[in-house]
Amino acid sequence: MDATEGLEISQGESFIDVKSFFESAPPLKNSDSITQKVKEFIYQNSQFSGNAKSVGVVCVTSGGTTVPLEQRCVRYIDNFSSGHRGAASTEYFVKSGYAVIFVHRRGSCQPYCRYLPEDSFLEFFEVLNDSEIQVCHPHATVVKKAIKEYHSAVNGGFLLKLPFTTIFEYLQIIQVVATSLSCLGPRGMFYLAAAVSDFYVPWESMAKHKIQSAAGPLDMRLTQVPKMLRILRTDWAPSAFCVSFKLETDSEILLQKAESALRKYQMHVVVANELATYKREVIAVTLDGKISIRKQSEDADVEDQLIKLLVEKHNNYIECCGMGEIIT
Ligand code: PAZ
């Protein structure tokens with residue numbers, strides 16, 4: 001696929017930025033196989049009436065993108081995100097009957113693995129004899145649940161995982177998913193929880209080899225990453241339901257920035273969250289108003305309530321689109 005395919009947008013300036021971003025990006029590895037997997041997954045989940053397999057297909061993005069500083073990359077700029085929100089949300093979407101394309105940062109938190117230990121994995125197992133191991137008793141319940149739910153999602157064809165590391169890979173994958181998902185019209189959804197770099201080093205101006213410290217202090221000019229949300233809405237998947245996230249550290253500007261993103265990029269929902277409290281509270285900002293969602297108990301996930309709300313809003317959207325109402 002041509003990297004700039006589907007970019008017939010009117011805003012000249014954005015078009016040029018996007019075109020030059022894709023033209024200069026290193027080509028996505030396994031692009032053909034990713035495109036084929038995405039198309040097959042969407043096709044298999046596109047029968048929505050009668051014995052519907054899924055109620056819709058949602059692309060969940062998760063984890064932070066990196067910005068390489070060298071073509072043979074030793075150093076990079078990273079973005080804050082563990083991937084926990086995307087992984088938890090994926091589980092709740094699958095539970096609600098959605099098929100999920102999970103576009104995630106390599107090595108970040110994965111669906112159904114959130115309760116497994118990161119650093120003491122081996123403590124979960126004990127050796128019985130030369131050929132058998134078993135999960136130690138206190139952990140058996142949580143591991144059994146994780147294995148069952150994971151296999152049911154993957155074998156049932158409800159979960160497709162696509163990894164990325166760099167901003168280049170991320171945006172190329174989003175383009176593939178978005179242009180493929182557009183065939184589902186309003187039944188397609190984007191849930192963009194990944195922390196995406198705002199600035200990058202264009203490939204052609206990037207140092208080829210490891211930057212040397214002997215040359216003294218480093219001066220580097222970063223270019224703004226083109227705003228893909230706008231293109232996603234206007235060109236790639238114009239009928240899909242779009243939820244983006246806004247993270248800020250200053251509570252004074254959070255809602256104002258979320259409202260501005262809602263209007264500027266024509267999002268259906270912007271989920272506003274503050275770094276200090278994002279695990280227990282988020283605010284869903286829509287054109288109809290704001291809804292604050294808090295964790296219901298210490299063991300609960302804020303994503304549980306959030307996904308319930310979004311599923312309801314998505315259903316209303318599908319209904320209104322079916323009735324010929326134009327919803328922006
Ligand atoms: O991945 P995580 O659970 O550690 O964090 C989630 C989050 C805070 C990255 C996400 O909720 C979010 O706000 N993403 C968008 C970040 C941004 O404004 O770029």
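Trainee: Which elements each supply at least two residues of the lining of the largest pocket?

Mentor: This is a predicted model: local features need pLDDT of at least 70, side-chain atom pairs count only at pLDDT 80 or more, and totals for chains, interfaces and linings use all residues. Numbering starts from 1 along each chain as its sequence is written, and side-chain values use heavy atoms, without hydrogens or water. Helices (H or I, at least four residues) and strands (E, at least two) are DSSP runs, numbered from the N terminus. The elements are α3 (84-95), α5 (167-181), α6 (228-236), β11 (241-248) and α7 (251-264).

Trainee: How many residues line the largest pocket, and which lie nearest its centre?

Mentor: A pocket is an open set of points on a 1 Å grid over the protein atoms alone, with protein on both sides within 12 Å along at least five of seven lines; lining residues have an atom within 4 Å of a point. The count is 41, and nearest the centre lie Ala194, Val196, Asp198, Phe245 and Lys246.

Trainee: How many residues of the lining of the second largest pocket come from α5?

Mentor: Pro27, Leu28, Lys29, Arg106 and Glu169 lie nearest the centre of this pocket, which has 24 lining residues. α2 (31-44), β7 (159-164) and α5 each supply at least two. The largest share is from α5: 4 residues.

Trainee: At what angle do the axes of α2 and α5 cross?

Mentor: Thr35, Val38, Lys39 and Ile42 in α2 meet Val176, Val177, Ser180 and Leu181 in α5, where contact means heavy atoms within 4.5 Å. Axes are lines fitted to C-alpha atoms over the stretch in contact, and angles run from 0 to 180 degrees between N-to-C directions. The two axes come within 10 Å and cross at roughly 35°.

Trainee: What is the mean pLDDT of the protein chain?

Mentor: pLDDT is the predictor's confidence in each residue, from 0 to 100. In this chain 92% of residues reach 70 or more, and the mean is 91.

Definitions and conventions:
1 Å grid on protein atoms, 1.4 Å probe; cavity = no way out; pocket = protein on both sides within 12 Å on 5 of 7 lines; lining within 4 Å.
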